[in-house]
Amino acid sequence: MTNTDGSAQARSEAESPHAVFVDIDGTLCDSRQRIPRSAIEALHEVRSNGHRLFACTGRSAPEVYPRFWDVGFEGLVGGAGGYARVGNRILVDERMPREHVEVLTALWEELDAFYIWQGPDQMGPSEGYLDFFVPRAGSHPEDWIEYAQSITPFIVDIGSGTFTKVTAYVPPEKASLERVTAALPAGYRAIIGSVGAAGYVPFEVVPAHLSKAVGISAVCEYVGIPRSRTVALGDSNNDVEAVQTAALGISIGNGCEALVKVADIVAPSVSEDGLAWALSAAGLTGHNHTRGSGLGDTQ
């Protein structure tokens with residue numbers, strides 16, 4: 001290869017787009033559902049530089065607010081990997097069998113939990129779930145009102161719905177991961193979720209073969225971007241597989257030990273302009289972002 005050929009190849013690689021997978025809670029927005037202005041500006045710059053942006057979240061589609069899409073996402077890895085789409089093209093849509101929904105529902109009732117079944121087009125909250133969760137998930141009672149407004153049109157009866165995953169809030173005195181794991185149907189796994197409420201412990205349950213990495217692979221195959229040009233950013237347990245499988249994995253903040261262990265880069269927290277800092281560190285923007293206080297506080 002001549003020097004000219006080498007220069008052309010380097011230029012081509014530099015101009016090739018990356019697929020960038022961004023978690024929502026704790027990465028894009030804080031516990032009060034606020035997105036730092038620095039994050040919005042940085043994501044717009046990533047898009048203007050020709051890269052492809054995808055939300056990669058434990059949330060299902062009804063839980064992704066329109067203003068989240070406005071930052072430039074063109075697709076979604078949702079339900080912790082049980083659903084993936086680019087534009088209107090659905091790539092993954094896996095639902096739990098009815099008998100497993102019934103077994104897990106009985107488990108949450110036994111543990112006096114509040115829980116919500118999540119799907120890309122159906123949401124099944126337990127009795128009292130929204131009254132429990134919405135005023136307690138943030139620092140102020142109004143922080144998550146938008147959440148209730150977003151999912152209400154999709155609420156169905158649990159007994160008739162089809163769902164991808166379930167999130168349950170278990171009272172702390174009954175919140176044993178070992179106990180929950182032992183009660184799961186074969187082929188399922190439970191992890192501790194990233195959004196707490198009133199001291200209750202959040203458990204997310206999905207089929208064991210699913211993870212955000214599965215959705216990432218499906219998206220990359222569809223858009224024709226190799227794994228060697230992927231970046232994944234997250235902050236919690238359900239981001240471990242995504243951060244580990246991407247060519248460049250970034251932990252937003254250092255609050256999850258398991259994630260920090262597999263991350264290539266550990267960025268500041270979301271409230272310290274961590275997403276903008278991380279996108280700059282990944283070479284996806286031209287700005288040299290430093291640790292800041294883009295939300296004005298850490299609550």
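This note comments on a sheet, a helix packed on it and one serine in a predicted model.

1. Basis. Residues are numbered from 1 along each chain as its sequence is written. The model is predicted, with local features needing pLDDT of at least 70 and side-chain atom pairs counting only at pLDDT 80 or more, while totals for chains, interfaces and linings use all residues; side-chain values use heavy atoms, without hydrogens and water.

2. The sheet. Strands β12 and β13 run parallel, joined by 3 bridges; pairing requires at least two DSSP bridges. Ile-252 stands opposite Ala-267 of β13.

3. Helix α11. This helix (residues 274–281) is largely enclosed by the rest of the structure, because 6 of its 8 residues are buried, that is, under 20% relative accessible area with a 1.4 Å probe, protein chains only. Among them are Leu-275, Ala-276 and Leu-279. The buried residues pack against β1, α2, β11, β12 and β13. Gly-283, with a positive phi near 80 degrees, follows α11.

4. Ser-251. This residue lies in strand β12 (residues 248–252) and counts as buried because its relative accessibility is 0%. Beyond neighbours within four places in sequence, Ser-251 is in contact (heavy atoms within 4.5 Å) with residues including Gly-234, Leu-259 and Ala-267. A polar atom of the Ser-251 side chain lies 2.6 Å from the backbone oxygen of Gly-253.

Terms used. Helix = DSSP H or I, 4+ residues; strand = E, 2+ residues; numbered from the N terminus. Buried < 20%, exposed > 50% of the residue type's maximum accessible area, 1.4 Å probe, protein only. Polar contact = N/O pair within 3.5 Å; in protein donor to acceptor, adjacent residues only side chain to side chain.
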